[in-house]
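User: Please examine the following model and answer a series of questions about its architecture.

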Amino acid sequence: MDYFIELFFSGLSRGAIYALIALGYTMVYGIIGLINFAHGEIYMIGAFTSFTVATILTILGLPLLAIIVLTGIAAVVWSASYGYTIEKIAYKPLRHAPRLSALISAIGMSMFLQNYVLLAQTSDFLPFPTLIPDFAFMEPIAHIVGSTDLVILITTTVSMIFLMVLIKYTRIGKAMRATAQDRTMAMLVGINVNRVISATFVIGSSMAAIGGLLIASHIGQINFYIGFLAGIKAFTAAVLGGIGSIPGAVLGSVVLGLTESFATGYVSSDYEDVFAFSLLVLILIFKPSGLLGKADTQKV
Amino acid sequence: MLKLENVQSGYGNILAVRGISLEISEGEIITLIGANGAGKSTTLMTISGVVRCRAGKISLNDEEIQDLDTDAIVKRGVCQVPEGRHIFPQLTVRENLDMGAFLRKDTKQIKQDIDYVFSLFPILAERRNQDGGTLSGGEQQMLAMSRALMARPQLLLLDEPSMGLAPLIIKQIFEIIKKINEENNTTIFLVEQNANQALQIAHRGYVIENGKISLTGSAQSLLQNTAVQKAYLGI
């Protein structure tokens with residue numbers, strides 16, 4: 001039973017990381033109908049920023065809590081500015097072009113960022129400093145739930161609640177929902193759609209940066225390629241839940257994380273991806289628009 | 001108030017509006033009538049800045065607005081109820097109305113205005129917590145007009161408010177249009193295929209054919225014009 005619970009929690013925290021990234025995919029898709037393939041790279045850049053800042057601050061000898069907070073802020077700001085810039089450079093000029101053009105532009109941007117980090121940094125794995133200590137109060141259950149898992153779950157939950165409040169109650173949130181539902185009409189009520197799109201990229205990138213920081217300190221090493229793999233998984237999770245749906249992205253991520261964790265634990269870690277993608281295929285056969293996705297019907 | 005001079009616009013290689021000139025004074029109801037594909041909706045979308053004006057001038061109170069973004073045009077008091085209503089389907093009736101007041105910050109008056117539109121369309125008050133997408137066509141039209149009113153427009157652009165509605169509801173909608181014009185002195189630019197109804201409430205009218213104005217005059221004179229009767233009134 002302990003083993004089951006252990007797998008459950010590690011699956012949950014894995015799913016939480018996927019969710020932080022998947023939200024960026026699903027929000028951007030909801031607003032402009034584009035799969036932002038460069039989104040995984042934003043997460044990777046978040047991890048690299050965290051690495052640089054955390055290493056410098058550790059050398060400077062700051063207290064751990066200060067390091068974590070400052071690293072988090074730096075990662076969020078840096079990744080968000082990347083997200084903002086990517087949209088302006090790679091997608092905005094193609095706003096009225098066929099969808100395929102923007103998609104190709106996204107893939108190009110993804111390759112560019114990977115190779116840019118490869119050249120600017122290194123192709124080797126970099127050791128990431130341990131930011132999250134083993135809490136003393138977690139001692140009795142440390143063999144089933146790690147302190148890092150706990151931090152990941154709490155951070156993700158707080159981020160999700162923050163996002164939900166933002167979308168439901170704030171002015172920019174309402175503007176985002178309106179733009180996602182009917183862009184022309186959003187313009188006609190006076191919403192600056194360009195600003196809404198920028199905000200979406202900034203918010204999605206910030207979430208991915210938090211994911212990057214968490215995963216880097218969890219796994220303990222990073223390289224330029226982690227964004228691609230995580231991006232594909234998070235994208236799968238978003239599709240699984242129903243692309244465009246925010247609760248769907250979270251649900252899809254948790255389902256994917258748990259599946260992978262149990263597959264690894266009970267079968268073999270070699271089959272982790274096989275199970276993950278079989279699940280995707282199965283769900284899409286029975287629910288083509290994903291778990292919580294809306295079927296594309298429109299009242300005329 | 002609003003003046004179009006030789007305006008051209010369109011989509012891709014197609015020029016839908018080929019040099020239109022027209023003028024609306026404050027407090028007027030004018031109507032633009034024409035067949036499908038004549039360029040009526042494109043004209044409105046060009047005024048709102050959704051479709052770019054390729055040539056010519058659009059001025060609002062003597063200020064050129066043809067190069068402004070849509071939100072800047074809305075900020076200057078030009079609101080549109082587009083063809084097909086465009087209700088936000090997953091926002092409630094109340095949230096749809098709030099979106100209409102997106103650029104306003106006077107919370108108190110917004111509340112008053114919500115009460116005002118609920119008095120115009122009592123059915124919306126009943127449905128205030130229902131998703132916009134679940135309303136019937138007529139109710140959606142009422143909501144779309146109410147949403148536009150929430151912006152306190154100087155100039156209201158209405159694109160085929162009668163489309164797909166039952167005769168009784170059409171009558172009701174047109175009565176409200178007249179009421180809005182009389183009570184708030186809102187200038188109204190009405191685009192219609194239902195030429196008869198439109199000319200009944202309008203002060204003046206323009207007829208558009210193939211992206212060009214072919215005829216203009218007072219609503220009365222257009223109603224009596226034999227060419228208009230033949231082509232648009234079915235007499």
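This is a predicted model: local features need pLDDT of at least 70, side-chain atom pairs count only at pLDDT 80 or more; totals for chains, interfaces and linings use all residues.

User: Which annotation in the UniProt record covers residues 274-293 of chain A?

Analyst: The unreviewed entry lists residues 16-35, 42-60, 66-85, 97-121, 141-167 and 274-293 of chain A under one feature name. UniProt positions follow the numbering used here, feature names are shortened, and annotations may be inferred rather than shown by experiment. The annotation is "transmembrane region".

User: How are helix 9 and helix 11 of chain A oriented to each other?

Analyst: Helix 9 (residues 226-241) and helix 11 (residues 272-286) of chain A pack with axes 10 Å apart, at an angle of about 25°. Axes are lines fitted to C-alpha atoms, for helices over the stretch in contact, and angles run from 0 to 180 degrees between N-to-C directions. Angles under 35 degrees count as roughly parallel, over 145 as roughly antiparallel, 65 to 115 as roughly perpendicular and the rest as oblique. Helix 9 and helix 11 of chain A are therefore roughly parallel.

User: In what order do the 6 strands of the open sheet in chain B run?

Analyst: Two strands pair if DSSP finds at least two bridges between them. The edge strands, strand 6 (78-81) and strand 10 (212-218) of chain B, each pair on one side only. The sheet is open with mixed pairing, and its order is 6-7-8-3-9-10.

User: Which residue in strand 10 of chain B stands opposite B:I208?

Analyst: Strand 9 (residues 204-209) and strand 10 of chain B pair in the antiparallel sense over 6 bridges. The residue opposite B:I208 is B:I213.

User: At what angle does helix 10 of chain B run to strand 9 of chain B?

Analyst: Helix 10 (residues 226-233) of chain B lies across strand 3 (29-34), strand 9 and strand 10 of chain B, where contact means heavy atoms within 4.5 Å. Its angle to strand 9 of chain B is about 65°.

Terms used
Residues are numbered from 1 along each chain as its sequence is written. Chains are lettered from A and ligands numbered from 1 in the order in which they are written. Side-chain values use heavy atoms; hydrogens and water are left out. Helices (H or I, at least four residues) and strands (E, at least two) are DSSP runs, numbered from the N terminus.
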